[in-house]
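Keep the sequence and the 3D view side by side as you read.

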Amino acid sequence: MTVGSWQLKRGDALIGTLTLEDVDMFWTDCRFRPGPAWEAVRPLFEASEDAWERDDEDAALAAEEAIHDAGLVLVPGDGGAPMTDFLLRVSGETARFRA
């Protein structure tokens with residue numbers, strides 16, 4: 001079965017829902033719908049996006065490490081095994097990740 005959506009969670013808190021739009025080489029591109037716990041982690045993703053836009057690779061990598069250290073999990077909508085080791089970027093209503 002092909003996975004079409006994932007819940008982004010931290011513990012039991014729903015950060016948001018990712019819905020598959022496209023797969024581009026190593027990245028999975030999704031539509032992002034924020035959940036009730038989004039505001040708690042939104043600054044982490046904004047820091048990453050800002051750093052990449054400024055071409056500040058050191059700051060971008062530090063921001064991505066902070067996202068990784070936040071204890072986020074991607075739970076597949078098809079009931080598959082949750083993913084804990086992934087790179088995720090969220091910008092507005094779009095998200096992309098690679099596992």
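E1 and E2 run antiparallel and are joined by six bridges. Two strands count as paired if DSSP finds at least two bridges between them. Strands themselves are DSSP runs of E with at least two residues, helices are runs of H or I with at least four, and both are numbered from the N terminus. In this pair, Trp6 has Leu18 of E2 as its bridge partner. The hairpin of E1 and E2 has two residues between the strands. There, Gly11 takes a positive phi near 65°.

A word on the source: this is a predicted model, in which local features need pLDDT of at least 70 and side-chain atom pairs count only at pLDDT 80 or more, while totals for chains, interfaces and linings use all residues. Residues are numbered from 1 along each chain as its sequence is written, and side-chain values use heavy atoms, with hydrogens and water left out.

On one flank, E1 pairs with E4 in the antiparallel sense, over four bridges. Trp6 stands opposite Pro76 in E4. E2 pairs with E3, also in the antiparallel sense, over eight bridges. Here Gly16 has Pro34 of E3 as its bridge partner.

Which order do the strands take in the open sheet? The six strands follow the order E4-E1-E2-E3-E6-E5, with antiparallel pairing. Strand E4 (73–76) and E5 each have a single partner strand, so they stand at the edges with one side left without a neighbour in the sheet. From one strand to the next, the twist averages 30°.

The chain as a whole holds two helices and six strands. From the N terminus on, the elements run β-β-β-α-α-β-β-β. H1 lies across E1, E2, E3 and E5, and runs at about 95° to E5. Axes here are lines fitted to C-alpha atoms, for helices over the stretch in contact, and angles run from 0 to 180 degrees between N-to-C directions.

What lies in the core? In soluble globular proteins, nonpolar side chains tend to be buried together. In this model, the largest nonpolar core has 20 residues. Such a core is a set of buried Ala, Val, Leu, Ile, Met, Phe, Trp, Tyr and Cys residues joined through side-chain atoms within 4.5 Å. Those with the most contacts inside the core are Leu8, Leu18, Phe45, Leu72, Leu74, Leu88 and Phe97. Strand E1 (5–10), strand E2 (13–24), strand E3 (27–34), helix H1 (38–53), strand E5 (87–91) and strand E6 (94–98) each give two or more residues to this core. H1 gives the most, with three residues.

Look at Leu74. Leaving aside residues up to four places away in sequence, Leu74 touches Trp6, Gln7, Leu8, Leu18, Pro82, Met83, Phe86 and Phe97. Contact means heavy atoms within 4.5 Å.

Across the protein chain, 33% of the 99 residues count as buried. Buried means under 20% relative accessible area, exposed over 50%, and partly exposed in between, with a 1.4 Å probe and protein chains only. Arg54 lies in the loop between H1 and helix H2 (57–69). Is Arg54 buried or partly exposed? Arg54 has a relative accessible area of 47%, so this residue is partly exposed. Arg54 and Thr17 are 37 residues apart in sequence and 28 Å apart in space, C-alpha to C-alpha.

Finally, the C-alpha trace spans about 40 × 30 × 20 Å along its principal axes.
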